[in-house]
Amino acid sequence: MGNLFASFNTGVSGLHSAQTSLNTTAHNLANATTEGHSRQQVMVTDAFYTTRYGAYSNRMQVGMGTDVAMIRQVRNKFLDAEYRLQLGRESFYQAQYKAVTEIEEVFGEMEGEEFLDVLGEGLWKAIANLQENPQDIVARTELVSVASQFIDRARTLQNHLYEYQKNMNQDIQNQVKDINDIVSQIRDYNMLIRKFEATGEQANDYRDARNVLLDRLGSYINYKQIEERDGTISIYAEGNYLLEGNVQYKLSTAYESETSKLLKPVWEIGGDNFFIRDQLYYSVEDKTDTGSLKGLLVARGSHTTDYTYMPKKPKEEDFQNEDGVLDERAYAKAMEQYDGEVEIYNQTVQPSIIMTVQAQFDQLIHGVVTMLNDSFCPNKEIEIEMPDGTKQMITVLDTEKAAVGDDADKTVGTELFVRRSTSRYTEVEVMIPGETKPVKVYQYTPEDSSDRYTLYTLDQLEVNPELLRDPSKLPLTANPSDEHADGFEWDLCEDIMKKWQEDFSALDPNSLATYDFNDYYGALVGQFATQGDIWRGIIYNQESTVFAVEGERQNVMGVATDEELSDLIKFQQCYNASSRYITVVDEMIEHLITRL
């Protein structure tokens, strides 16, 4: 009788296992299209065995049925990690591509007219007209007017870049908020999973919802997850915990510096930078090209730039003496310094598309402005004697070669573009070696990269107000010391047009090709358009990779309805078999009770 009741329990355990399997299969089918649902599988094991002894004392083990060990999720942790890595990499380059498309729009149309029209058709045409009639006040007025338009358009374009760069702060704040919200939701699921699984059950649906959040988090940042024994997970990113058990460490934002208007992500407690490598440089090898938050910071950059951030390669002619002999040691030292500056540029400016374009565009404006100013107001080096007897070289206006204005005072040294806070020349008296009396000269105020107010950069430039009031002061009349004192400087305008068509600079220190002003602007626009195509190709490849990894992941965790329907029939048959088994045992017990 005892064995019969044990057999009855064996049938009941089979019925329970089949019922659990049916419920689980039905759950899989019902959630086949639910985002993030992982296929669940019932793990059935032997319950336990009892030992019996036969007629000849031989030992026999009798099984006591089946037991549901667990209902497990069918997932692959390695595929999950790879999917999140590739998704984060795709998001990184999407942020880059979005930035370059915005820049393309900025450099596209401005008030219905392209900037290249103002540069080429505007300034170039005005100088060409002036070459034909340098004495014509209308031609002079046209040049001053076009120069003013040139500066206004260039400043508008640069301001658009600055504004877009600053407006990216909102995207960074939004992403920081999203990260905090996602981690907060993961923490809540941690608590639910720990509470539910403390009873011995598997909180698979909660785990699915948590995995969906982990996928979303992977698109923002690169992180590692650590699962604890109680079912909770900790999230480790950039050398610190975002989530440790049920303790969340939130992110916030702070300005890059005291003078900066650009925000960066920091830890809310302590205010340290979120990214350990607080730099723009990124690479595939160390997985720093991952996450849309990093992508935003790289595309935006850490500050605004101008032409001073572009290293200038030393020229051999600058290190030659009067006989043309090269000072090899001085030149080698200058090249060594230049190589160091290029390395810094490649680490701190070149990775950011916005900072790069800002510097390149300002370099163009600086080149045009200084070329025209130096043509109208040529300088020379002179040696002077200091009060202490030492000698020093200074830069002054070359009053012997400089043209003068066509006004009554024959004004000399009137530059076309001025720095708002710094005059081009300061009138001083100096002692020239060999002279007995002080000589009055116009000392040039050079550009100093440590003082923005001395730079010919866009935020300091404007057209000379004196020329706006009286264009006749534009220095195009022959110098009184010249033998053709009553003429005009046709040669000066011709020289300007030649310089306009000469190569003045490469786009950046990593480029070997040099361009004239018009071609430089075309190369500048073409460069970020090409870079956009490159990033678009990377995104396309990443989308394919993400799709392939997700396909592999779904092969493991996805629900195949045909397979589940087949399992449903199988478990139904198991349920029916267990029911018949219980019925037979029940009839045997009833027979023994009623007949004995």
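Biologist: How many helices and strands does the secondary structure of the protein comprise?

Modeller: Helices (H or I, at least four residues) and strands (E, at least two) are DSSP runs, numbered from the N terminus. Here the protein has twelve helices and 18 strands. The model is predicted: local features need pLDDT of at least 70, side-chain atom pairs count only at pLDDT 80 or more, and totals for chains, interfaces and linings use all residues. Residues are numbered from 1 along each chain as its sequence is written, and side-chain values use heavy atoms, with hydrogens and water left out.

Biologist: Is Asn-373 buried or exposed?

Modeller: Buried means under 20% relative accessible area, exposed over 50%, partly exposed in between (1.4 Å probe, protein chains only). Asn-373, in helix 8 (residues 353–376), is buried with a relative accessible area of 0%. Of the 596 residues in the protein, 43% are buried.

Biologist: Which residues are in contact with Asn-373, leaving aside its neighbours within four places in sequence?

Modeller: Contact means heavy atoms within 4.5 Å. With those neighbours left aside, Asn-373 is in contact with Glu-415, Leu-416, Phe-417, Arg-424 and Tyr-456. A polar atom of the Asn-373 side chain lies 3.1 Å from the backbone nitrogen of Leu-416.

Note on methods: Polar contact = N/O pair within 3.5 Å; in protein donor to acceptor, adjacent residues only side chain to side chain.
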